[in-house]
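Grab a pencil and work through these exercises with the model open beside you. Try each task on your own before you read its solution.

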Amino acid sequence: MLDFTRIDYLKDGNERQRRAYGVLTKHRIFEKLSNYFPVLAGTIPIEIDIEGSDLDIICEVDLRFEEDFLDEIMFSKLIPYDVETKVEYPIINGEKCITLNFMLEDFPIEIFGQNKPTTQQNAYLHMIAEYKILQEKGEEFKQKIIELKKQGIKTEPAFGMLLGLENPYEDLLKF
């Protein structure tokens, strides 16, 4: 299985993965976020992205120090000054989180911070489960997922539809 905690695999991937790798390394995103154990999650790592899919970077952030996190990101010039950034504080499964959304070159980027290790966050666990399912089910299944996503269906519900899952967000965690 690929080591999704590093982004090296992207440089040997499909065209979009190679472009993502180029943008992430050119702007030293993972280097600048290294204190927060960043992991690229979502659809691009497992090749089920569609046009407009974002680069989801999950981080471990102690939200008691969220201002430090934001200051460090801005201070490190992770986000260029001329880029519009949207910061939100959603509550997910009863836990406060932080999201930063911005465009970097031709990629929408979302940095998601939660007060738990990145490899224990649902975004990572869902991606690993989806990767294993894709490996098992093959190319035809993968194309069906991509088609559902093109119709506007989010990733987890798309898997749920094809696998007959009642609650895909919870059920995928069992894989």
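What follows is a set of exercises on a predicted model, each with a worked solution.

**Exercise 1. Cysteines**

Find out how many disulfides the structure holds, and explain why Cys97 is in none.

*Solution.* 
Step 1: Start with the count, which is zero disulfides.
Step 2: Now look at Cys59, which isn't in a disulfide; its nearest cysteine sulfur belongs to Cys97, 12 Å away.
Step 3: Compare that with the cut-off: a disulfide needs two cysteine sulfur atoms within 2.5 Å.
Step 4: Cys59 has a relative accessible area of 0%, so it counts as buried. Cys97 also comes out buried, at 0%.

**Exercise 2. The largest pocket**

Describe the largest pocket: how much space lies in it, and which residues and elements line it?

*Solution.* 
Step 1: Take the volume, about 970 Å³.
Step 2: Go to the lining, which is made of 31 residues. Nearest the centre you'll find Asp56, Ala123, Lys154, Glu156 and Tyr169.
Step 3: Pick the top contributor: α4, with five residues.
Step 4: Sort the lining by class, and you get 10 nonpolar, 11 polar and 10 charged residues.

**Exercise 3. The second largest pocket**

Now do the second largest pocket: what is its volume, and which element supplies the largest share of its lining?

*Solution.* 
Step 1: The volume is about 170 Å³.
Step 2: There are 13 lining residues, and those nearest the centre are Ile46, Glu47, Tyr131, Gln135 and Lys142.
Step 3: Two helices, α4 and α5 (139–150), each supply at least two lining residues. The largest share comes from α4, with three residues.
Step 4: By class, this lining has six nonpolar, four polar and three charged residues.

**Exercise 4. The nonpolar core**

Work out which residues touch the most other members of the largest nonpolar core, then list what Leu24 touches.

*Solution.* 
Step 1: Zoom in on Leu24. Leaving out residues up to four places away in sequence, Leu24 touches Ile7, Leu10, Ile29, Phe30, Leu40, Leu55 and Ile57.

**Exercise 5. Arg16**

Is Arg16 buried or exposed?

*Solution.* 
Step 1: Locate Arg16, in helix α1 (residues 15–26).
Step 2: Use the cut-off: buried means under 20% relative accessible area. Arg16 has 10%, so it counts as buried.
Step 3: See what surrounds Arg16. Not counting residues up to four places away in sequence, it touches Ile44, Asp49, Ile50, Gly52, Ser53 and Phe107.

**Exercise 6. Helix α6**

Which residues of α6 are buried, and what do they pack against?

*Solution.* 
Step 1: The buried ones are Thr155, Glu156, Ala158, Phe159 and Gly160.
Step 2: These buried residues pack against α4, α5 and α7.
Step 3: Step just past the helix to Gly164, which takes a positive phi of about 70°.

**Exercise 7. Positive phi without glycine**

Examine Phe37 and Asn93: where does each one sit, and what is its phi?

*Solution.* 
Step 1: Phe37 isn't a glycine, yet its phi is positive, near 50°. Phe37 sits in the loop between α2 (29–32) and β1 (39–41).
Step 2: Asn93 isn't a glycine either, and it has a positive phi of about 50°. Its loop runs between β4 (91–92) and β5.
Step 3: Finish with accessibility: anything over 50% is exposed. Asn93 has 56%, so it counts as exposed.

How values were computed:
Residues numbered from 1 in each chain as written. Predicted model: local features only at pLDDT ≥ 70, side-chain atom pairs only at ≥ 80, totals over all residues. Heavy atoms only, no water. Buried < 20%, exposed > 50% of the residue type's maximum accessible area, 1.4 Å probe, protein only. 1 Å grid on protein atoms, 1.4 Å probe; cavity = no way out; pocket = protein on both sides within 12 Å on 5 of 7 lines; lining within 4 Å. Points joined across faces, edges and corners; volume = space filled by probe spheres on them. Helix = DSSP H or I, 4+ residues; strand = E, 2+ residues; numbered from the N terminus. Nonpolar A, V, L, I, M, F, W, Y, C, P; charged D, E, K, R; others polar. Core = buried A, V, L, I, M, F, W, Y, C linked by side-chain atoms within 4.5 Å. Contact = heavy atoms within 4.5 Å.
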